[in-house]
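Visitor: I'd like a quick tour of this one. Can you walk me through it?

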Amino acid sequence: MSGDAVLIPDDQAFSNFKSECNSVEGWNLTYNKSGITVWIHILEEEKSLHKIKCRIVCKDVSADTMYDVLHDIEYRKKWDANVIETFDIGKLTVNADVGYYSWKCPKPLKNRDVITLRSWLATGSDYIIMNYSVKHAKYPPKKEMVRAVSIQTGYLIHSNGPTSCTLTYLAQVDPRGSLPKWVVNKSSQFLAPKAMKKINKACLKYREWKQKHSPGFKPWLYPEQNSLSNVPLSELCIQHADSLENIDESGLSEAKEERGEGSDEEAN
């Protein structure tokens, strides 16, 4: 059962994630405009399996603020228009928890959700938040969703000074299904850059929002504030992709209303 054992990431795991974020081997540049860069690493083209890496230089956002924004799930519900539902299930350690996240996919694809073990670490000028998929008996796949698998997903924030940072987002997700090529193309050419811009915009508005919404509550910085119940590791196991339903959406065409870029929603 060693392949099913859930492990809380150690220092080496964080170091490996940082190295992957900074590596160039195997990555193909697909987008480079206005301080935002996107790379794709194709793993299995016929299954649409790929890694995506996005980077943005935020000239007016501190690494501390970026770290807070990416952690704050209440704020995410305000600025992330793709989120359907997100909540914490329970804590594992002072810097690891288990949570649920579901998101809207481009029409006419079915929406996806995941259960992930998330961990975080701040060291010097670098901040890392990363996750991978796990199974929890109380949160089985839903009929109206496709349960995706996060093989490795996360953020590396590097401080460039007191008011500037560089954010790198790295994701290897198995969407559980054969996706049409337009989805991968749209992800790298439009969806990923748009998401990075929205994160940057959300950071600029965070201080004002947070002052009105539990300003001192930051359990990711102050573990004593975390009131989540403990989740025993024995209740979790690795979410293997081959144990989930695999749907074929490769023949679907993009919905007409999805082809326009649309407007960026503002965070309240």
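Visitor: Where is Ser-214 found?

Guide: Ser-214 is in the loop between α4 (181-211) and β12 (236-238). Helices here are DSSP runs of H or I with at least four residues, strands are runs of E with at least two, and both are numbered from the N terminus. This is a predicted model, where local features need pLDDT of at least 70, side-chain atom pairs count only at pLDDT 80 or more, and totals for chains, interfaces and linings use all residues. Residues are numbered from 1 along each chain as its sequence is written, and side-chain values use heavy atoms, with hydrogens and water left out.

Visitor: What is the phi of Ser-214?

Guide: Near 50°. That is a positive value in a residue other than glycine.

Visitor: And how accessible is Ser-214?

Guide: Its relative accessible area is 48%, so Ser-214 counts as partly exposed. The cut-offs: buried is under 20% relative accessible area, exposed is over 50%, and partly exposed is in between, with a 1.4 Å probe and protein chains only.

Visitor: What about Ser-34, where is that one?

Guide: Ser-34 sits in the loop between β1 (28-33) and β2 (36-44). Ser-34 has a positive phi of about 50°, although it is not a glycine.

Visitor: Is Ser-34 buried or exposed?

Guide: Exposed, because its relative accessibility is 71%.

Visitor: What is Lys-218 in contact with?

Guide: Asp-68, Tyr-206, Lys-210 and Gln-225, leaving aside neighbours within four places in sequence. Contact means heavy atoms within 4.5 Å.

Visitor: Tyr-206, you say. Which cluster is Tyr-206 in?

Guide: Ring pairs link Tyr-206 with Tyr-75 and Trp-209 into a cluster. Rings of Phe, Tyr and Trp (its six-membered ring) pair if their centres lie within 6.5 Å; planes under 30 degrees apart are stacked, over 60 edge-to-face, and the rest tilted.

Visitor: How many aromatic pairs in the whole structure?

Guide: Eight. One of them is Phe-87 with Tyr-139, a tilted pair at 5.9 Å centre to centre, with 45° between the planes. Phe-87 is in strand β4 and Tyr-139 is in the loop between β7 (126-136) and β8 (146-147), 52 residues apart.

Visitor: Where does the charged end of Lys-53 sit?

Guide: Over the ring of Trp-39, 5.5 Å from its centre. That takes NZ of Lys or CZ of Arg within 6 Å of the ring centre and within 35 degrees of the ring normal.

Visitor: Strands next. Which strands does β5 pair with?

Guide: β5 (residues 96-103) is joined to β4 (residues 83-93) by eight bridges, antiparallel. Eight bridges also join β5 to β6 (residues 112-123), again antiparallel. Two strands pair if DSSP finds at least two bridges between them.

Visitor: How many residues lie between β4 and β5?

Guide: Two, and the strands form a hairpin. Across it, Gly-90 stands opposite Val-98 and Lys-91 opposite Asp-97. On the β6 side, Tyr-100 stands opposite Ile-115.

Visitor: How many β5 residues are buried?

Guide: Six of eight, so β5 is mostly covered.

Visitor: Which residues of α1 are buried?

Guide: Phe-14, Phe-17 and Cys-21. Seen down the axis of α1, they fall within an arc of 60°, so they line one face of the helix. The arc is that of the directions from the helix axis to the C-beta atoms.

Visitor: Last one: what does Arg-76 touch?

Guide: Leu-70, Val-83, Tyr-101 and Tyr-155, not counting residues up to four places away in sequence. Arg-76 is in helix α3 (residues 73-79) and counts as buried at 11% relative accessibility.

Visitor: And the chain overall, how many helices and strands?

Guide: Five helices and 13 strands. Of the 268 residues, 49% count as buried.
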